Amino acid sequence: MKEQFDDYELVESNPQASVNNALMKIDSVCNLVNNVTSTFSDTLCAINNTKMEITKMEHALEKYINDSQVSLEKFKSVAPILSAQLENASKRIDKITDTILSSSNNELTEENLRKQSALVDLLNASNNTFNNLLVKLITI
């Protein structure tokens, strides 16, 4: 005699087969639950790792913003001073260049050549000062 209960058939003549069938179905369900929980656990780990990376990036961004603000304030305070120094150095270079050009019309005496040489050296030194000020301005 056979009884039917939903999708499961109960067979009175072979109870061992019914038990094995039920155990196989339970094992199948357990494996499925294990796969789902394993996948869910991996997903939660990935989400937590992503949250940690986002937090790290937010902190790095905050630090960058703060460092940029400090650099900007430093630039705002130093730039006018360096700008004035650059302007003075530029005027000095112009004056020296004009002096060199105006004195080049003179005779080529030893004294004039020494003056020209001293003026060229002064021009080089002024140019180096100007370049150093530019580097300071750029690296602020």
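This is a predicted model: local features need pLDDT of at least 70, side-chain atom pairs count only at pLDDT 80 or more; totals for chains, interfaces and linings use all residues.
**Exercise 1.** Does valine 19 count as buried, partly exposed or exposed, and at what relative accessibility?

*Solution.* Residues are numbered from 1 along each chain as its sequence is written, and side-chain values use heavy atoms, with hydrogens and water left out. Valine 19 is found in helix α1, where helices are DSSP runs of H or I with at least four residues, numbered from the N terminus. At 44% relative accessibility valine 19 counts as partly exposed, since buried means under 20% relative accessible area, exposed over 50%, and partly exposed in between (1.4 Å probe, protein chains only).

**Exercise 2.** Determine which residues leucine 86 touches.

*Solution.* Leucine 86, also placed in helix α1, is buried, because its relative accessibility is 11%. Leaving aside residues up to four places away in sequence, leucine 86 touches Phe130, Leu133, Leu134 and Leu137, a contact being heavy atoms within 4.5 Å.

**Exercise 3.** Describe the salt bridge of aspartate 67.

*Solution.* A salt bridge requires a side-chain nitrogen of Lys or Arg within 4 Å of a carboxyl oxygen of Asp or Glu; aspartate 67 pairs with lysine 63, their closest N and O atoms being 2.8 Å apart. Aspartate 67 is partly exposed at 38% relative accessibility, whereas lysine 63 is exposed at 51%.

Key:
Helices (H or I, at least four residues) and strands (E, at least two) are DSSP runs, numbered from the N terminus.
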